[in-house]
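Please look at the sequence and the structure together. The text below goes through them helix by helix.

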Amino acid sequence: MADKVVELGRENAQLRAEARQLREETRDARARMDEAERRARSASERARELEGRAEMAESNLRSLLASARGSNVRSDAPVGDAEMAAILGVLKGEEAEAGGVSPSGTSGDHQDERTQTGDELPEPSGTPATG
């Protein structure tokens, strides 16, 4: 009988130790979960902020490009997606022509253009001057 009581006491101590260990593991898992949720919320907020900034920058760029086109084009005329892609490609340092549209907004090869006085028109950035 005494051996049985000793054996039950050992089992009891072992079960208590396992329960303590499981409580600690549960506490650690909850802390890791809380930290992961906090990081996810932070990343989500940062993504929304960056998306807003990107939309604002695109809107500003479209407005700037529309006003820089010249007086022969309405200033409120929208900049096409193909033209915007070409411009963004140049800004990112990618190929100057994207989708067949050059940074100057014209299709095809860029020819040497001169004003009535014979002066060369300024070349868009990223395009070598021809002469």
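Predicted model: local features only at pLDDT ≥ 70, side-chain atom pairs only at ≥ 80, totals over all residues.

Residues are numbered from 1 along each chain as its sequence is written, and side-chain values use heavy atoms, with hydrogens and water left out.

Helices here are DSSP runs of H or I with at least four residues, numbered from the N terminus. Helix α1 has 67 residues and reaches 98 Å from its first C-alpha to its last, close to the 99 Å expected at 1.5 Å a residue. The expected span is 1.5 Å times one less than the number of residues. For the 12 residues of α2 that gives 16 Å, which agrees with its end C-alpha atoms being 16 Å apart. After α2 comes Gly93, with a positive phi near 85°.

Helix α1 covers residues 2–68 and α2 residues 81–92; they pack at about 105°, with axes 12 Å apart. That makes α1 roughly perpendicular to α2 (angles of 65 to 115 degrees). The axes are lines fitted to C-alpha atoms over the stretch in contact, and angles run from 0 to 180 degrees between N-to-C directions.

Contact means heavy atoms within 4.5 Å. On the α1 side, Glu58, Leu61, Arg62 and Leu65 meet Asp81, Met84, Ile87, Leu88 and Leu91 of α2.

Buried means under 20% relative accessible area, with a 1.4 Å probe and protein chains only. In α1 the buried residues are Leu61, Leu65 and Ala66, and they pack against α2. In α2, Glu83, Met84, Ala86, Ile87 and Gly89 are buried.

Terms used:
Helix = DSSP H or I, 4+ residues; strand = E, 2+ residues; numbered from the N terminus. Parallel < 35°, antiparallel > 145°, perpendicular 65-115°, else oblique. Buried < 20%, exposed > 50% of the residue type's maximum accessible area, 1.4 Å probe, protein only.
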